[in-house]
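This report describes a helix pair and a set of aromatic contacts. The structure is shown first.

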Amino acid sequence: MLSHYCERSGPGLWAEPLNAASNAAFILAGLVAYLAWRGRPARDWPVLGLIGLVFAIGVGSFLFHTRPGPRTVLADVVPIQLFVLGYLAFALRRLLGCRLWQLAAGLVLLVGAEIVVPRLVSAGQGSAAYLPALVALFVIGLALIGRAHLAMLDFARGTDREGAALLGLKAARTGRRIIGAGMVFTVSLGLRALDVPLCARLPTGTHFVWHLLNAVTLLLLLLAALRHDEAVAEAE
């Protein structure tokens, strides 16, 4: 089983040098996020679990792009899927305060979309499978910003003004950060889909840029999670 990316020229270990080496960006993103996590006064273990998955994404993708096969494709795909589901659960529960049944419904909806969308949408190298995750980022970001506006309405009405101001500040900042990550991921996903179509003009392909921008996306999401409660300290 050989990967079908533009850069691969044969069965060799280093037949995808850029695709392989660019996975170092995930390790760097995980390291930066870990240092930020260690610098917090409280240990946020769910976020640490997400950071661990970023390291696993880098290792798994490196293995797949050096020795593509049934086992390494699982090492590549499984950590990504776990991060997507884990971050969605974190966002629904911690950032949006959803109930457990709402969290479960959100996860089921995402998994269902990941199964259905690739069958309805054709995109390069299975890129359509990532569209539900992209949409989820924007939905979460917009929901947080919407929550901030509702909090400001409560503030204007004089209903728990201090609590409303704090909630609005936290939600707005985190929402903007997640939407920013979604914008980076939009560009990243587009470049992933263009890897083979641009192969004749760009022999290196664009898949390695997908790795680089995805590392940025994951780092932005992790920092958004870590910094969500910073507004509390600032307000206090």
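In this predicted model, helix α4 (residues 70–95) packs against helix α5 (residues 100–120) at an angle of about 150°, and their axes are 9 Å apart. The crossing of α4 and α5 is right-handed. On the α4 side, the contact involves Gln81, Val84, Leu85, Leu88, Ala89, Leu92 and Arg93; these meet Leu100, Gln102, Leu103, Gly106, Leu107, Leu110, Val111 and Glu114 in α5. Ten of the residues in this contact are nonpolar, three are polar and two are charged.

Across the whole structure, a search finds eight aromatic pairs. The table lists two of them.

| Aromatic pair | Centre to centre | Angle between planes | Arrangement |
|---|---|---|---|
| Tyrosine 34 and tryptophan 37 | 5.9 Å | 20° | stacked |
| Tyrosine 87 and phenylalanine 90 | 6.1 Å | 40° | tilted |

Tyrosine 34 and tryptophan 37 both belong to helix α2 (residues 24–38), where they are three residues apart, about one turn of the helix. Tyrosine 34 is partly exposed, because its relative accessible area is 29%, whereas tryptophan 37 is buried, with a relative accessible area of 4%. Together with Trp45, Tyr34 and Trp37 form one aromatic cluster.

Tyrosine 87 and phenylalanine 90 lie in helix α4; they are three residues apart and therefore separated by about one helical turn. Both tyrosine 87 and phenylalanine 90 are buried.

Charged groups also sit over aromatic rings. The charged end of arginine 43 lies over the ring of tryptophan 37, 4.8 Å from its centre. Likewise, the charged end of arginine 192 sits over the ring of tryptophan 210, 5.1 Å from its centre.

Technical notes
Residues numbered from 1 in each chain as written. Predicted model: local features only at pLDDT ≥ 70, side-chain atom pairs only at ≥ 80, totals over all residues. Heavy atoms only, no water. Axes fitted to C-alpha atoms, helices over the stretch in contact; angles between N-to-C directions. Helix = DSSP H or I, 4+ residues; strand = E, 2+ residues; numbered from the N terminus. Left-handed = near helix turned anticlockwise from the far one by under 90°. Contact = heavy atoms within 4.5 Å. Nonpolar A, V, L, I, M, F, W, Y, C, P; charged D, E, K, R; others polar. Phe/Tyr/Trp six-rings, centres within 6.5 Å; stacked < 30°, edge-to-face > 60°. Buried < 20%, exposed > 50% of the residue type's maximum accessible area, 1.4 Å probe, protein only. Lys NZ or Arg CZ within 6 Å of the ring centre and 35° of its normal.
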